Amino acid sequence: AITLEAYVEEPFSARAEFVTMTLVSVESQLKHFGHRLPLTLVCDSTNVTYSHGNDLLVFSVAYALRATDMREKEIWVLSCRFDLLYRFAGTPPTQDDADAMSRSVLTLAHNYLRELAHSFTQLSNLPPLVIDVAKFPEPE
């Protein structure tokens with residue numbers, strides 16, 4: 001089992017055990033044919049929200065990506081949402097706890113986003129676009 005621990009400034013530790021991750025929605029759209037290489041991948045938005053009830057914590061991670069060609073013409077768009085379900089022990093997490101845990105959640109979801117972008121561009125008969133490995137600054 002994967003366990004996340006969130007440490008905040010106060011002496012509190014929230015523990016949550018990973019249960020499952022679900023691709024809730026995905027939309028891939030090829031906007032234009034006759035693109036000119038190279039393509040540039042742009043991440044328009046990344047949004048993380050969470051909710052909890054009983055002993056469960058759900059993080060929803062939504063992405064909006066697009067690829068443009070050398071003329072900056074929009075060629076391809078992808079929007080998707082992952083839900084990651086965790087079971088927590090003890091006191092429900094606070095907003096600070098969830099914010100601290102969202103970094104680990106983003107790292108996990110990012111790996112699946114990379115695969116989606118690569119696969120969907122290739123299936124759209126575009127050169128497969130590769131998203132870099134997630135690099136987050138170290139907490140202070």
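Residues are numbered from 1 along each chain as its sequence is written, and side-chain values use heavy atoms, with hydrogens and water left out. Because the model is predicted, local features need pLDDT of at least 70 and side-chain atom pairs count only at pLDDT 80 or more, while totals for chains, interfaces and linings use all residues.

Helices (H or I, at least four residues) and strands (E, at least two) are DSSP runs numbered from the N terminus, and two strands pair if DSSP finds at least two bridges between them. Strand β4 (residues 56-68) pairs with strand β3 (residues 40-53) in the antiparallel sense over 13 bridges. In this pairing Thr46 stands opposite Tyr63 of β4. The β3-β4 hairpin has 2 residues between its strands, and Asn54 in the turn has a positive phi of about 50°. Strand β5 (residues 74-89) is also antiparallel to β4, over 13 bridges. Here Ser79 in β5 is the bridge partner of Ala64. The hairpin formed by β4 and β5 has 5 residues between the strands, with a positive phi of about 65° at Glu72 in the turn.

A nonpolar core is a set of buried Ala, Val, Leu, Ile, Met, Phe, Trp, Tyr and Cys residues joined through side-chain atoms within 4.5 Å; buried means under 20% relative accessible area (1.4 Å probe, protein chains only). The largest such core has 28 residues, of which Phe59, Tyr63, Trp76, Phe82, Leu84, Tyr86 and Leu113 touch the most other members. Two or more residues each come from β2 (13-30), β4, β5 and α1 (95-123). With contact taken as heavy atoms within 4.5 Å, and residues up to four places away in sequence not counted, Leu84 touches residues including Phe18, Met21, Phe59, Val105 and Leu108. Val105 lies in helix α1 and is buried, with a relative accessible area of 0%. The C-alpha atoms of Val105 and Phe59 are 7.4 Å apart, at a sequence separation of 46 residues.

A pocket is an open set of points on a 1 Å grid over the protein atoms alone, where a 1.4 Å probe fits, with protein on both sides within 12 Å along at least five of seven lines; lining residues have an atom within 4 Å of a point. The second largest pocket holds about 160 Å³ of space. Of its 11 lining residues, Cys43, Thr46, His110, Leu113 and Ile131 lie nearest the centre. At least two lining residues come from each of β3, β4 and α1, and β3 gives the largest share, 4 residues.

Conventions: Buried means under 20% relative accessible area, exposed over 50%, partly exposed in between (1.4 Å probe, protein chains only). Grid points are joined across faces, edges and corners, and a volume is the space filled by probe spheres set on the points.
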